Amino acid sequence: MIKTYKKLSDMIAEKKLGEASSLQSKTSSEGIQPQDQKQELKEGKLSPILHVTVDSVKRRLGNPMDLIVREFEFELERKITATLLFLEEMNDSQLLNEFILAPLMSLTSEKQSSPVPVGHALHYIKQNAVALGRVLDVETEEEILDALLSGLSVLLVEGNTKGLKMGTNGGQVRGIEEPTSEVVIRGPKDSFTESLKTNISLIRRRVRSPDLRVDKYRIGDVTHTDVAIVYLDNIVNPKLIKEIKERIKEVKTDGLLESGQLEEFIQDETVTVFPQFMNTERPDVVIGNLLEGRVGIMVNGTPFSLIAPTQFIQFFQSSEDYYMRYDISTFLRLLRFLVFIISLIAPSIYIALTTFHQAMIPSTLLFGIAAQREGVPFPAIAEALVMEITFEILREAGIRMPRAVGVAVSIVGALVLGQAAVQAGLVSPAMVIVVGITAVASFAIPSFAVATSARLLRFPLMIISSVFGFYGLTLALIVIIAHLTSLRSFGYPYLSPFAPIQTEDLKDSLFRFPGTKLFKRPEKLSKKNQTRTQTYQVKKKREEETTR
């Protein structure tokens, strides 16, 4: 009965296909496509005739040279023809050969307890033949295309209107290496890669908690880029998760290639030079922020993960601050904040002093500066602008040039040009020193984004100082602080815990208290579970043991 029914269904399907193909050829010659065929292509349902589906998939992909169509036969109730589709460079050939092709091609009716009908072939293969962990059904051509472009393989069996997509992802990917943009002396040496699956696994290896949540989204009408948000469900504020998900879902664009593009779409304020997201390529940094109630946002194709919400003080903290003694960490944080101030206003202070406020300079130093500037024909602002722009050009050239010569060219170029400018009488030696200190200070800031913000603000501050002196510089700094106070990162104050003041959070800001004193998580972030560390005093326990 089953065979008779199957033969009748095949005959009916072939008849319908022949009618449709003849109608298509007829209408194509007339330049008209029938409405019912448009509807059929739109739905993309799979045909029980194998070559029809295969030809349609190949046509929609443009007959790519890397699409492998492997046709073979296996035996259930009778010999059945099947086709395995996969993109060559995105799949693991060893998995395909050992766990799909070899088991299926060795199937015989003798190995089956009872004959398996053709209509049950896919179910039998899924349960008994394919030795892979990820095997799912596909019912439309759209699902087949999505699976192939995602690096999966698709198995189609003659006489079935469904197929199987299997996890055989492979191909060449970059391995886990040491971070390049966040170098630390003490701490883990692994970093994220361009593979989203690898990045998620790096987090799961360290956080073995059932409360870890990974929610995936797909952004980009053309690229279909996978985006994942990672958080701890027992710590994070539910309102924060809801807000992040809503903003990600609202992103409508053709393509998403890097996390920086996503940052522009979902940030609170666009007219600002200060970053509203912290980006990192270190898994331990992401996990440390998850434990505080923040959320990690990872994009497939880039090793840089976003952290939200972000406070301004975070950009002066390093992951190794928590791996060293608290007093050393506090000193380094204060030093980083100091070099940020130097990088921001050092040239402006020099310009204001030499132009308007010479009385504030000690007499001996003032005479030395005046002697150096005696042969310089340009005002201080012109000197500063020329030197700063020259150094920015050298910095950019050093980044774009090959790594082997880039650093040497930038350093030698700075020395040669600086010395030549002084000897030519274009700039004073004091200005070269100020610009050099400013440049070195910008490299000492842990976050490249904040260092870039200081570089951008440095030029308008220099111009204001050359016109209004210290009065203009003071007003400009007040405006910058007011702007920072008005910023929000997903609704959270950007300058917290300083504005507004949160006493408990001050323990881990510019200063870092010992780990045994950091009892609470950030007040505004964690609403469910605020306790981070239980009270623990080694000294007190030792005194009790000694008394006994």
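Analyst: Ring pairs link F274, F312, F316, F337, F340 and Y494 into a cluster. This is a predicted model, in which local features need pLDDT of at least 70 and side-chain atom pairs count only at pLDDT 80 or more, while totals for chains, interfaces and linings use all residues. Residues are numbered from 1 along each chain as its sequence is written, and side-chain values use heavy atoms, with hydrogens and water left out.

User: What makes F274 and F312 an edge-to-face pair?

Analyst: Rings of Phe, Tyr and Trp (its six-membered ring) pair if their centres lie within 6.5 Å; planes under 30 degrees apart count as stacked, over 60 as edge-to-face and the rest as tilted. The centres of F274 and F312 are 5.9 Å apart and their planes stand at 85°. The distance therefore lies within 6.5 Å and the angle is over 60 degrees, which makes the pair edge-to-face. A search of the whole structure finds nine aromatic pairs.

User: Why is the pair of F312 and Y494 called tilted?

Analyst: The ring centres of F312 and Y494 are 5.9 Å apart, and the planes make 50°, so the pair is tilted. F312 lies in the loop between strand 10 and helix 11, and Y494 in the loop between strand 12 (492-493) and helix 17 (538-547), so this pair ties together parts that are 182 residues apart in sequence. Helices (H or I, at least four residues) and strands (E, at least two) are DSSP runs, numbered from the N terminus.

User: How do you know whether F274 and F312 are buried or exposed?

Analyst: Buried means under 20% relative accessible area, exposed over 50%, and partly exposed in between (1.4 Å probe, protein chains only). F274 has 5% relative accessibility, so F274 counts as buried. F312 has a relative accessible area of 6%, so F312 is buried too.

User: What makes a group of residues a nonpolar core, and which residues touch the most other members of the largest one?

Analyst: A nonpolar core is a set of buried Ala, Val, Leu, Ile, Met, Phe, Trp, Tyr and Cys residues joined through side-chain atoms within 4.5 Å. The largest has 46 residues, of which I203, F274, F312, F340 and L484 touch the most other members. Helix 16 (448-486) is among the elements that give it two or more residues, and the largest share, ten residues, comes from helix 16. Leaving aside neighbours within four places in sequence, L484 is in contact (heavy atoms within 4.5 Å) with F274, F312, Y494 and L495. Apart from this core lies another, of 26 residues, among them A121, L122, V130 and L164.

User: Why is S259 called buried, and what does its side chain reach?

Analyst: S259 lies in helix 9 (residues 259-266). At 2% relative accessibility, S259 is under the 20% limit and therefore counts as buried. Its side chain reaches the backbone oxygen of F304 at 3.1 Å. Among the contacts of S259 beyond four places in sequence are V299 and T302.

User: How do you know that strand 1 and strand 2 pair?

Analyst: Two strands pair if DSSP finds at least two bridges between them. Nine bridges join strand 1 to strand 2, which run antiparallel; the two strands therefore meet the requirement. One of these links is between E73 and its bridge partner in strand 2, T81.

User: What makes strand 1 and strand 3 edge strands?

Analyst: The open sheet has five strands in the order 1-2-4-5-3, with antiparallel pairing. Strand 1 (67-75) and strand 3 (135-138) each pair on one side only, and these are the edge strands. Strand 3 pairs with strand 5 (residues 163-166) over four bridges, and D137 stands opposite L164.

User: Why is strand 2 described as largely enclosed?

Analyst: Eight of the nine residues of strand 2 are buried, so the rest of the structure largely encloses this strand. Strand 2 also pairs with strand 4 in the antiparallel sense over four bridges, where L85 stands opposite V154.

User: How is strand 7 covered, and which strand forms a hairpin with it?

Analyst: Strand 7 is mostly covered, with seven of its eight residues buried. Strand 6 forms a hairpin with strand 7, with five residues between them, and G220 in the turn has a positive phi of about 110°. Eight bridges join this antiparallel pair.

How values were computed:
Polar contact = N/O pair within 3.5 Å; in protein donor to acceptor, adjacent residues only side chain to side chain.
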